[in-house]
Amino acid sequence: MSCPHQPSNPEQSKQSNYRDMEESIHTDFKDDMSYGDYLCLEQILSAQKPLSDQHDEMLFITIHQTSELWLKLAGHELSEAVKNIQEADFGHAFKVISRVKQIFHQLTQSWNILSTLTPVDYLKFRDTLGHSSGFQSYGYRKLEFLLGNKNEKLLEVHQANPVIYNELKSVLIAPSLYDEVIKILADNNLLEDSELLNRDYSKPYQQSDAVLQAWLAVYKDADKHFELYELAEKLIDIEDAFQQWRFKHMYTVQRIIGNKMGTGGSSGVSFLKKALDISFFPELFELRTHL
């Protein structure tokens, strides 16, 4: 009698790692669109072009290219969230904002991979970067503008490309996600401040006591204002995830180059640390002190 824990046929055991090709699987793509065609993989996978003969430069390029794809998706989703808020479509807004949070977590994880790049190995090809720097990322700039960190001066970095410059300028002068949320507070008779509702959206948002009081009213009667309460917590989720990404970015740079200047001309780590003090939704953190 065969042991129940072992195959009775020795040949079957030898072939246990083999999987038959199913006859229904398509193999002829001379005239049909393939997976690679749909995703433009030929263009994407041929876009890694190291400028040195150093092995680790491929890691550096791949991390930053994939990060730009995630940034593009995050910008795409946040633009939709702004539209959802404008239409008071909270259900879809919550879904999209939750997705953006997960994208930021993915971006944060990518720094762990880049951290395997040692200072010695990075210095072997750093000079090939010239003045190129993540500071010039228009995907990142669009995200910051969408979230409300407006600074017209930053557009100067992108003036060499009129298409990108004009796209970012349109995001700069438009209401941010938080500006649209503040309008919702007003629509719910929680806020009366004409200056806030008609301000120059190209300027940085300044913390407002009127907005703080509106959010306090929401939190003190969360059952009555549950959608606004949930929206506020979703915004906190975004800032939490974004700040984790910012911190991990700063720490990874510090780990690899110490306090050297950035390739784009910034002071490097000290410049990145300043971003950690910037809050997109300041009243949502301040209110916790007053509850």
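In which loop is Asn189 found? Select Asn189: the loop that holds it runs between α9 (177-187) and α10 (194-197). Helices here are DSSP runs of H or I with at least four residues, strands are runs of E with at least two, and both are numbered from the N terminus.

Before going further, note that this is a predicted model, in which local features need pLDDT of at least 70 and side-chain atom pairs count only at pLDDT 80 or more, while totals for chains, interfaces and linings use all residues. Residues are numbered from 1 along each chain as its sequence is written, and side-chain values use heavy atoms, with hydrogens and water left out.

Remain at Asn189 and inspect its backbone: phi is positive, about 60 degrees, although the residue is not a glycine. Is Asn189 buried or exposed? Asn189 counts as exposed because its relative accessibility is 71%; buried means under 20% relative accessible area, exposed over 50%, and partly exposed in between, with a 1.4 Å probe and protein chains only.

Next, select Cys40, in the loop between α2 (35-39) and α3 (41-45). Cys40 is a residue other than glycine with a positive phi, near 55 degrees. Its relative accessible area is 36%, so Cys40 is partly exposed.

**The whole chain**

Now zoom out and display the complete chain. It has 14 helices and 0 strands. The C-alpha trace spans about 80 × 55 × 45 Å along its principal axes. The radius of gyration is 25 Å, whereas a compact globule of 291 residues would have one near 19 Å; the radius is taken over C-alpha atoms, and the globule rule is 2.2 Å times the number of residues to the power 0.38. Buried residues account for 38% of the 291 residues.

**Helix α12**

Select residues 226-257, which form helix α12. Why does a span of 46 Å agree with its 32 residues? At 1.5 Å a residue the helix should span 46 Å, and its end C-alpha atoms are 46 Å apart, so the two agree; the expected span is 1.5 Å times one less than the number of residues. Just after α12, select Gly258, where phi is positive at about 65 degrees.

Move to Glu180 in helix α9. Glu180 counts as buried because its relative accessibility is 6%. Show its surroundings: apart from residues up to four places away in sequence, Glu180 touches Val82, Ile85, Gln86 and Pro175, a contact being heavy atoms within 4.5 Å.

Then select Leu172 in helix α8 (residues 162-173). With a relative accessible area of 0%, Leu172 is buried. Which residues does Leu172 touch, not counting those up to four places away in sequence? They are Phe145, Lys150, Asn151, Glu152, Leu155, Tyr201 and Ser202.

**His131**

Finish at His131, in the loop between α6 (119-123) and α7 (138-147). His131 is exposed, its relative accessible area being 68%. Leaving aside neighbours within four places in sequence, His131 is in contact with Gln136, Thr263 and Gly264.
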